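Reader: Before we discuss this entry, please show me the sequence and the structure, and then let us go through the terms used to describe it.

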Amino acid sequence: MIRPQTHPVVPSPFVTHDPILRLIGNTPLVPYPGVSDDRVLCKLESLNPTGSMKDRIALGILTEAVEEEAIETVVEASSGNTAGAVALVANRLGLRCILTCPEGTSPHKIGYMKAFGAEVHTCPAVESGHPEHYRSVARRIAEAEDAFLINQYENLRNPGVHARWTGPELWAQAGDVMTHLVCAMGTGGLMSGCAKYVKEAAAREGRAVKVIGVDADRSNIATSFYDEPLRPYDTKVEGLGKGGRLPTMWFQYIDEIRRVTDEEAFEQARASAREHGLLIGPSAGAALYVALQIHAERPDAQIAVIICDGGEQYFETLFPDTSAA
Ligand SMILES: Cc1ncc(COP(=O)(O)O)c(C=O)c1O
């Protein structure tokens with residue numbers, strides 16, 4: 001029913017003339033082939049240059065830091081998509097880049113960091129708060145080097161970038177029809193920023209969009225949201241956060257948080273690839289699982305779901321049996 005193509009969007013608020021950085025953003029919104037009438041629309045953040053929406057926060061935060069503080073070195077602690085994104089953007093902006101990550105970080109993620117020339121410090125896999133934890137190490141390095149620390153878990157520019165860029169882009173693509181927005185949550189930056197923009201834009205038109213965050217079953221974003229007792233954190237879905245009330249997590253724009261088990265997330269990601277040719281990561285699988293759940297409950301809903309990253313970097317866990325016959 002909805003639209004043949006969903007590309008035309010708003011210009012990026014972070015102006016760059018760099019041909020590589022210009023590839024960030026402007027991601028397509030495509031109907032999920034498994035649902036009729038284009039009722040579920042997938043925003044493919046997987047098509048950013050390092051394969052996730054973290055390219056946007058790296059570009060937004062670093063562009064402004066360079067303009068405002070004339071920084072020369074950037075430091076970040078990340079075992080996930082943020083690391084590669086920061087490495088790429090630092091490379092293009094001519095910044096020295098130092099990244100810390102825990103032991104066990106996937107070779108794919110380390111590959112992104114090293115490919116773009118970042119200095120990588122691998123730290124022991126200890127509890128947060130321990131002085132050798134990769135976030136503590138990043139803090140110490142930033143101080144010693146007088147460097148700019150991104151700190152995506154506390155930096156309000158993380159959700160801010162999405163409120164100024166991803167949210168408006170999504171609204172330009174589907175604001176006229178969207179009734180529901182679904183998105184996975186880690187730092188909460190992506191969901192919070194998009195939710196703020198979408199909620200306010202809809203309110204200006206006298207309408208409402210329902211915003212549904214997605215957490216892992218054994219994680220504590222939903223427990224914080226609902227003021228429930230904490231659960232032991234244990235999920236294999238990369239990107240879904242441990243929880244707590246972070247400054248980047250703007251619960252006031254979120255209506256509901258649904259929990260998805262690892263099995264549901266992984267199986268949904270597999271089904272998306274196998275049945276519909278859309279290769280997505282497990283956190284996107286979790287979000288798609290919830291989007292399809294809502295579609296089943298409310299067939300008239302027009303749902304936008306954000307696909308945080310693609311499945312390429314998870315082949316070994318998503319499809320363990322990939323050895324040649
Ligand atoms: C694959 C993936 N999904 C979801 C998220 C959650 O995004 P955010 O931190 O903006 O909440 C992340 C964040 O690292 C991620 O890498």
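Author: Let us begin with helix 8 and helix 9, which are roughly perpendicular to each other; please keep in mind that this is a predicted model.

Reader: What makes helix 8 and helix 9 count as roughly perpendicular?

Author: The axes of helix 8 (residues 262–276) and helix 9 (residues 282–297) cross at roughly 90 degrees and come within 7 Å. Angles of 65 to 115 degrees count as roughly perpendicular, and helix 8 and helix 9 are therefore described in that way.

Reader: Which residues of helix 8 and helix 9 meet?

Author: From helix 8, E264, A265, F266, Q268, A269 and S272 take part, and in helix 9 they meet P282, A284, G285, A286, L288 and Y289. Sorted by class, this contact has eight nonpolar residues, three polar residues and one charged residue.

Reader: Why is the ligand said to lie between domain 1 and domain 2?

Author: The protein chain is divided into domain 1 (21–47 + 164–318) and domain 2 (72–146). Both domains give residues to the shell around the ligand, and the ligand therefore lies between them.

Reader: How many residues surround the ligand, and which are the closest?

Author: The ligand is surrounded by 18 residues, the closest being G186, T187, L190, G239 and S283. Two or more residues of this shell come from each of helix 2 (81–93) and helix 6 (189–204), and helix 6 gives the most, with three residues. By class, the shell has eleven polar, five nonpolar and two charged residues.

Reader: What separates the centres of domain 1 and domain 2, and how many residues form the contact?

Author: Taken over C-alpha atoms, the centres of domain 1 and domain 2 are separated by 26 Å. The contact takes five residues from domain 1 and six residues from domain 2, and the side of domain 1 that touches domain 2 has two charged, two polar and one nonpolar residues.

Reader: Where does pLDDT stay under 50?

Author: That is the case over residues 1–5, for which the model has four contacts beyond four places in sequence. The protein chain, however, averages a pLDDT of 94, and 96% of the residues score at least 70.

Technical notes:
Residues are numbered from 1 along each chain as its sequence is written. This is a predicted model: local features need pLDDT of at least 70, side-chain atom pairs count only at pLDDT 80 or more; totals for chains, interfaces and linings use all residues. A residue is near a molecule or strand if its C-beta atom, placed from the backbone, lies within 6 Å of it. Helices (H or I, at least four residues) and strands (E, at least two) are DSSP runs, numbered from the N terminus. Ala, Val, Leu, Ile, Met, Phe, Trp, Tyr, Cys and Pro count as nonpolar, Asp, Glu, Lys and Arg as charged, and the others, Gly among them, as polar. Domain bounds come from an automatic or database domain assignment. pLDDT is the predictor's confidence in each residue, from 0 to 100. Two residues are in contact if their C-beta atoms, placed from the backbone, lie within 7 Å. Axes are lines fitted to C-alpha atoms, for helices over the stretch in contact, and angles run from 0 to 180 degrees between N-to-C directions. Angles under 35 degrees count as roughly parallel, over 145 as roughly antiparallel, 65 to 115 as roughly perpendicular and the rest as oblique.
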